[in-house]
Amino acid sequence: MSREAPGRAELLVDIQRVVRQVMARGVLFHQAVAAQVGLGATDLQCLAVLQESGAVTAGELATRTGLTTGGVTRVVDRLLKAGFVRREPDPHDRRRVHVAAVPERLGEIGARYESVATGWAELLAGYDDEQLRLFLELFTRMRRLSDEQIAAVRAERDDQASSSDSAKRNRSPR
């Protein structure tokens with residue numbers, strides 16, 4: 001007896017389940033790579049932000065990652081010590097300092113992703129250009145949705161922190 005093809009609702013549930021699994025495995029892979037090069041997963045993600053954005057101030061890095069400025073300072077200190085970033089003076093404001101990734105060290109990390117890149121290339125080789133454009137559109141839209149969700153969670157966290165701070169101030173004796 002053959003099983004009936006799943007309906008749309010079941011397909012959507014299956015897609016969400018598999019996407020969650022892929023995302024979780026991606027996090028685990030990044031953690032494994034980070035450990036292999038002597039970094040924490042947050043350090044590696046900050047490096048990814050620097051690779052994507054170029055040199056930024058520590059404050060900008062905090063904003064982009066959602067870390068506190070104190071947390072970013074600790075990450076930058078670890079990355080400096082390990083030789084993955086350097087501090088550069090701001091060419092327009094000598095009081096400011098930018099944090100920049102060291103390209104040669106990024107190459108060391110990138111080499112650890114070659115097997116994934118090769119696997120993706122082999123996996124995608126079986127799809128035609130129209131299907132690949134569809135995948136690109138889907139993943140681009142998923143990235144935008146993820147950015148929106150991250151912003152919403154951070155805004156909620158900030159609102160809760162503000163409410164909590166306000167409540168503490170209102171309770172304190174004067």
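Predicted model: local features only at pLDDT ≥ 70, side-chain atom pairs only at ≥ 80, totals over all residues.
Residues are numbered from 1 along each chain as its sequence is written, and side-chain values use heavy atoms, with hydrogens and water left out.

**View 1. The largest pocket and its lining.** A pocket is an open set of points on a 1 Å grid over the protein atoms alone, where a 1.4 Å probe fits, with protein on both sides within 12 Å along at least five of seven lines; lining residues have an atom within 4 Å of a point. The volume is the space filled by probe spheres set on the points, which are joined across faces, edges and corners. The lining numbers 44 residues, and M23, H30, Q45, R143 and S146 lie nearest the centre. At least two lining residues come from each of α1 (8-36), α2 (41-53), α3 (58-65), α5 (103-111), α6 (114-124) and α7 (129-171). Helices (H or I, at least four residues) and strands (E, at least two) are DSSP runs, numbered from the N terminus. By residue class, 26 of the lining are nonpolar, eleven polar and seven charged. Here Ala, Val, Leu, Ile, Met, Phe, Trp, Tyr, Cys and Pro count as nonpolar, Asp, Glu, Lys and Arg as charged, and the others, Gly among them, as polar.

**View 2. The second largest pocket.** This pocket holds about 190 Å³ of space. W120, L123, L124, Y127, L132, F135 and F139 line the second largest pocket, and the elements giving two or more residues to this lining are α6 and α7. The seven lining residues are nonpolar, with no polar and no charged residue.

**View 3. Helix α4 and its two faces.** Buried means under 20% relative accessible area, exposed over 50%, and partly exposed in between (1.4 Å probe, protein chains only). G71, V72, V75, V76 and L79 are the buried residues of α4. Seen down the axis of α4, they fall within an arc of 130°, taken over the directions from the helix axis to the C-beta atoms, so they line one face of the helix. The face turned away from this buried side carries the exposed residues R74 and K81. Just after α4, G83 takes a positive phi of about 85°.
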